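Me: I would like to go through one site and one chain-chain interface. Please show the model.

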Amino acid sequence: MATNIELAHASASATLAPRRSFAEVAARFVRTKPLGAAGAVIILGMLFLAVFAQMLAPYDPYVGDYGLQFARPSAEHWFGTDEFGRDVLSRIMYGARIALFVGFFASFIGCTIGALLGVVSAYWGGRVDLLLERLMDILLAFPQLILALAIASILGPSVQNVVIAISIPVIPRAARVVRASVLSIREFVYVESARALGVGHARVALRHILPNTTAPYIIMLTAQLGAAILAEAALSYLGLGAAEPTPSWGLMLSGSAPSYAEKAPWIALFPGIAISLGVFGFNLFGDSLRDALDPKLRKG
Amino acid sequence: MLPVITLVGTEFAFLIGGLVVTETVFTLNGVGRFVVDAVAHRDYPVVQALIFLIAFGFVVVNLLVDLTYAWFDPRIRYR
């Protein structure tokens, strides 16, 4: 009898992982996922550039110097200047703001609306589920970039409209992922016990089910962040994103940059590197975060 | 084998999305550039028709992907 109690106690304490501080969790993440940490460093670097662009940028990104068109990369202009004599480095720094703003808000809005719809459709089930899922099916029938293109064409080009255009195709994907996990969470005993205690449906859904979907939600968010930055660059490139003087990475690649590609390759080269690096950072971080957060993939 | 076939469907969508950009970059006269030009000229009927066509193609490809599961794995039966 005594051994039984001890055993029960041992297994109970084994399942309860000790609460770790943020620093400990971060140190563990760096140790076990060096690639993910590298991604985090890239993201933090981008964030730093975006926040302090005003102080860090050596020149005004909007004002050109017509005496210095197509200047080669040099000590004064590290990444050279474009066809209006604007400093490419400064424009990339300010461009990080647009990329992060659009990337973060588009994936945040898309994933949040999608997650709420997923919880609603999985928790209530029945006709609500059927109706919402068929709606999501309709949205999923469009390739992501094509749907964003169509929405952007209706709304017209501006930064806010790009956020809306990119976030809508994210909604059905987030809804599917969250719905799948809510379907299993709904059957857990604590949900039943909460219902038995007389807790209302809305409270069960918001307080007991929603917090348990944070892992897939955060994974979706980081995965879509990189995709959203890429989509923003594609839309700006096609002339549906930010309008001309705005220093958006996609916009810097388009316009006259391709026609000057032989004469002044740095105009297109450096924004291209910035886009690739940013998306690469978010993908590395998102992948490692998924491994770290998903208990099924966690080793040891 | 089956996950690879599944990827064909998703990759198809991704590549059509990429087509829009690639055809603009290399000035190829394809559906992708047609969409972009129609959008640029605010030609809504053309945009609508092309988006519908692309979505239709995407759905058909995914239907074929679903059907080929049974061909590659005889244990799968559709009732």
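Me: Is A:Arg86 buried or exposed?

Reply: This is a predicted model, in which local features need pLDDT of at least 70, side-chain atom pairs count only at pLDDT 80 or more, and totals for chains, interfaces and linings use all residues. Residues are numbered from 1 along each chain as written, chains are lettered from A in the order written, and side-chain values use heavy atoms without hydrogens or water. Buried means under 20% relative accessible area, exposed over 50%, and partly exposed in between (1.4 Å probe, protein chains only). A:Arg86 has 7% relative accessibility, so A:Arg86 counts as buried.

Me: Where is A:Arg86 placed in chain A?

Reply: Helices are DSSP runs (H or I, at least four residues), numbered from the N terminus. A:Arg86 lies in the loop between helix H4 (53-56) and helix H5 (88-124) of chain A.

Me: How many residues does chain B give to the contact with chain A?

Reply: Contact means heavy atoms within 4.5 Å. Chain A gives 16 residues. The number from chain B is 18.

Me: What is the area buried between chain B and chain A?

Reply: Buried area is the accessible area (1.4 Å probe) that two parts lose on being put together, summed over both. Carbon and sulfur atoms give 83% of the area here. The total is about 1400 Å².

Me: Which residues of chain B lose the most area to chain A?

Reply: Three residues together account for 29% of what the chain B side buries. They are B:Val39, B:Arg42 and B:Ile51.

Technical notes. Helices (H or I, at least four residues) and strands (E, at least two) are DSSP runs, numbered from the N terminus.
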